[in-house]
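Please look through the sequence and the model below.

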Amino acid sequence: MSIKKKAEDEEEIHVFEFYEVDHEPSLEFKDIARAKYNEIDFENDLNEEQLTIINNLKGPMLVIAGAGSGKTRTIVYAVAKLLLSGVKPSEIMLVTFTNKAANEMIKRVETLLGERPKGMWAGTFHALANRFLRIYSKTIGIKPNYVIMDESDSVALMKLSIDLANVSEIEERFPSSKVAKSILSYSINCNKTIKDVILWKYSNFDNPKIILKLEEVYKIYKKKKAEAGLLDFDDLLVFWNQLLSEKKVAQLIAKNIKYILVDEYQDTNYIQDEIIYKIISLNPERNIIVVGDDAQSIYAFRGANYENILNFPKKHADCKIYYITYNYRSIPEILELANDSIDHNMRQFKKNMRPTKPSGIKPFHVQVADDDEQALFIANQVLKLLSEGYELNEIAILCRAAFHTFKIEMQLRAKNIPFEVRAGVAFFERAHVKDVLAHLHLIENPHDELSWHRIFSMIQGIGSSSAVKIFTALLNIENPIEQLCSKEFYSTHLKGERIPQKGIKNLMNHVANMRHFSSEDRPEELIVTISKFLESYIQARYENWQDRMDDLKQLAIYAQNYDSVKRFLDSLALNRSTIEAKRWLLGDQSEEKAPLIISTIHRAKGLEWRVVFIPMLCEGFFPSSRVYGDGEAFEEERRVFYVAATRAKEKLYLITPAMIRGFRGYDIHGTSQFISELNPRVYKKATVRFDSKENEKNIGFTSAADLL
DNA sequence: GATAGGGTTGTTTTT
DNA sequence: CAACCCTATC
């Protein structure tokens with residue numbers, strides 16, 4: 001459905017029909033209600049705690065839900081119940097931590113009802129913000145064709161801003177572009193001044209001259225974003241928040257959205273909390289359910305503050321508070337270890353998960369000689385588990401940091417075990433993929449500074465200084481792509497500048513390829529075309545160019561799912577972690593069984609497996625060496641460990657290598673405090689040795705013969 | 001003055 | 001492995 005902007009009022013009437021294809025409610029849920037109401041056995045499917053919740057959906061409510069307590073199930077049933085009672089899908093807003101989680105919940109509602117609830121406002125804060133901003137860009141004065149930058153783009157733009165701000169006049173060391181961006185983000189997400197953020201997180205930059213200069217840099221950064229039509233992740237929240245203060249829009253939202261559910265509330269930050277507060281205030285019945293677990297708050301580095309969940313009842317009069325405490329995921333032994341661990345956190349609400357599963361075997365603490373043997377142990381153990389009848393997709397390896405996965409990947413590859421990595425640089429952030437995407441960005445938004453710089457850097461004869469000059473010249477002209485193809489552009493707008501002739505010639509040739517692009521073209525076809533004319537560049541630049549060209553084919557295949565460039569780009573920016581490059585290890589190509597997962601703990605949030613391995617449990621790695629003392633940061637680190645352990649249903653392997661190979665030689669690291677502080681009763685100790693790297697035979701388990 | 005290429009560095013976690 | 005700095009070359 002397209003929207004023709006005739007008058008402002010008309011624009012607003014279309015609000016709930018625009019942008020999402022499957023947006024209009026195609027079903028009369030009241031009819032389904034009659035047919036389905038008796039089929040869903042709420043009383044049988046939910047426990048008493050959960051039933052209480054779905055029977056009290058009016059007014060503000062806080063649900064404290066421990067790990068594995070059927071939190072998602074409760075939300076899904078709550079949504080189903082609302083729909084059955086006649087609430088339209090488009091009257092429900094469901095805020096989740098990832099867009100994948102939103103899709104899965106909708107799928108489960110669909111399974112329950114037999115029909116897909118089309119038109120729900122479901123997604124992350126950022127994705128929902130984008131949906132509103134695409135409709136109301138005009139209202140708050142941002143370009144309607146704005147492009148969302150990912151984090152590395154934002155940092156790159158920050159670097160350009162720093163370069164323009166004459167930082168060299170300050171003698172002291174100035175924050176890097178990454179740190180500068182991070183300070184700005186904290187300031188926005190936590191509602192603090194720049195000075196406060198510096199005192200809080202970066203006290204080494206506490207210097208009036210630096211702070212003044214930073215403010216200047218941020219002004220340039222902001223101006224650049226506005227000129228180029230770029231939004232960073234923080235802008236999505238800032239502008240959404242701003243939009244909610246616009247009377248007309250606010251009234252419309254208040255009228256149309258009747259129920260709000262927010263998952264993972266412990267990981268919201270100040271501005272997200274404020275957004276929710278504003279939306280509830282607009283809602284006459286204040287129907288909101290906020291779900292979370294302060295013990296699982298692991299995103300403080302993004303400004304998240306678990307106190308939002310604790311303060312929620314204080315902010316909302318007559319807020320009901322419910323707890324769901326029964327754990328349906330893990331055996332009691334795993335819960336005992338997790339409970340023991342989290343009890344060491346002082347700044348936490350005391351609560352214990354209550355087991356419902358039958359007893360099994362205690363978690364293992366496995367000590368190995370070094371990180372090579374750790375990888376070897378994991379690979380061997382996976383093979384044993386497979387021979388025991390476990391499936392690959394029932395096993396996960398959860399790491400504190402992306403680089404912890406490298407050696408494990410190598411061993412799994414060597415043993416032909418198929419796996420998928422969910423860590424590190426995402427597929428769509430790899431250099432050659434971004435090279436292609438830069439061309440797509442310019443179709444939507446021909447003044448996108450970052451994309452131009454990326455393209456300039458691909459061209460022989462144009463370096464950083466020519467790039468700045470050319471961009472400055474094209475910023476103020478219409479239709480830069482066309483202009484860059486003509487000699488006159490260079491002779492009129494860049495008169496007297498020293499730009500190598502070779503560079504100009506190459507640039508003209510390159511841009512000539514882009515002349516016939518149109519935003520009406522299908523993204524897939526565009527990608528094929530662009531890949532073709534980038535092939536020689538990729539060949540020249542990368543040794544593994546063949547692999548990279550294959551990636552671009554994958555990109556084109558993925559793009560088939562989208563019919564417009566704008567939607568394709570939005571989806572890429574907002575679904576970073578959902579769309580993975582599958583690093584399959586194929587014994588034979590035909591076998592497409594779901595693989596084993598190697599993931600960071602952060603990305604494993606909300607998921608579960610029968611067997612979980614947690615490697616690198618030694619001081620300096622987990623907890624990370626960046627965390628000192630026993631303050632809030634250290635407690636968050638412990639919560640990360642807690643989240644990892646509570647992913648496991650049946651078997652949990654905690655692994656500590658005694659030595660780790662660093663840049664030069666081995667370093668000895670002590671056992672992680674998260675292990676040593678535990679009551680030894682809650683785990684079984686095992687030591688695993690290999691007689692040599694070549695001969696990967698286990699000599700034996702010294703104290704846990706029943707390691708399987 | 002500007003670019004290209006070599007060598008060195010150092011890496012938490014993500015919307 | 002990619003983002004930096006330094007230096008040789010155009």
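Asn 416 sits in the loop that links helix H18 (406–414) to strand S13 (419–422). The model is a predicted one. In it, Asn 416 has a positive phi of about 60°, although this residue is not a glycine. Is Asn 416 buried or exposed? There are 11 other C-beta atoms within 10 Å of Asn 416, and it is therefore exposed, since the limit for that class is 12 or fewer.

Asp 318 is not a glycine, yet it has a positive phi of about 50°. Asp 318 counts as exposed because it has 9 C-beta neighbours inside 10 Å.

Another backbone feature is found at Pro 623. The peptide bond between Phe 622 and Pro 623 is cis, with omega at about 10°. Pro 623 belongs to the loop between strand S15 (609–614) and H28.

Helix H28 leads on to helix H16. Among the buried ones are Glu 333, Glu 336 and Asn 339, along with Ile 334, Leu 335 and Leu 337. What do the buried residues of H16 pack against? Their partners are strands S9 (326–327), S10 (354–355) and S16 (648–661), together with helices H28 (632–645) and H29 (673–676).

The pairing of H16 with H28 can be followed residue by residue. The two axes come within 10 Å and cross at roughly 170°. H16 is therefore roughly antiparallel to H28, as angles over 145 degrees are classed that way. On the H16 side the contact uses Ile 334, Leu 337, Ala 338, Ser 341 and Ile 342. The spacing of such positions follows a general rule. An α-helix has 3.6 residues a turn, so residues three or four places apart point the same way. On the H28 side, the residues are Arg 638, Phe 641, Tyr 642 and Ala 645. By class, the contact of H16 with H28 holds 7 nonpolar residues, 1 polar and 1 charged.

Helix H9 (residues 177–190) and helix H10 (residues 194–201) have axes that come within 9 Å and cross at roughly 110°. H9 and H10 are therefore roughly perpendicular to each other, and their crossing is right-handed. H9 contributes Ile 183, Tyr 186 and Ser 187 to the contact, and H10 contributes Ile 194, Val 197, Ile 198 and Lys 201. Sorted by class, the contact of H9 with H10 has 5 nonpolar residues, 1 polar and 1 charged.

Leaving aside residues up to four places away in sequence, Val 79 touches Ile 92, Leu 94 and Val 109.

For the chain as a whole, the secondary structure of chain A comes to 29 helices and 19 strands. Of the 708 residues in chain A, 44% are buried. Among contacts in chain A with a separation of 6 or more, 79% are between residues 24 or more positions apart.

Conventions. Residues are numbered from 1 along each chain as its sequence is written. Chains are lettered from A and ligands numbered from 1 in the order in which they are written. This is a predicted model: local features need pLDDT of at least 70, side-chain atom pairs count only at pLDDT 80 or more; totals for chains, interfaces and linings use all residues. A residue is buried if 20 or more other C-beta atoms lie within 10 Å of its own, exposed if 12 or fewer, and partly exposed in between; C-beta atoms are placed from the backbone. Helices (H or I, at least four residues) and strands (E, at least two) are DSSP runs, numbered from the N terminus. Two residues are in contact if their C-beta atoms, placed from the backbone, lie within 7 Å. Axes are lines fitted to C-alpha atoms, for helices over the stretch in contact, and angles run from 0 to 180 degrees between N-to-C directions. Angles under 35 degrees count as roughly parallel, over 145 as roughly antiparallel, 65 to 115 as roughly perpendicular and the rest as oblique. A crossing is left-handed if the near helix is turned anticlockwise from the far one by less than a right angle, and right-handed if clockwise. Ala, Val, Leu, Ile, Met, Phe, Trp, Tyr, Cys and Pro count as nonpolar, Asp, Glu, Lys and Arg as charged, and the others, Gly among them, as polar.
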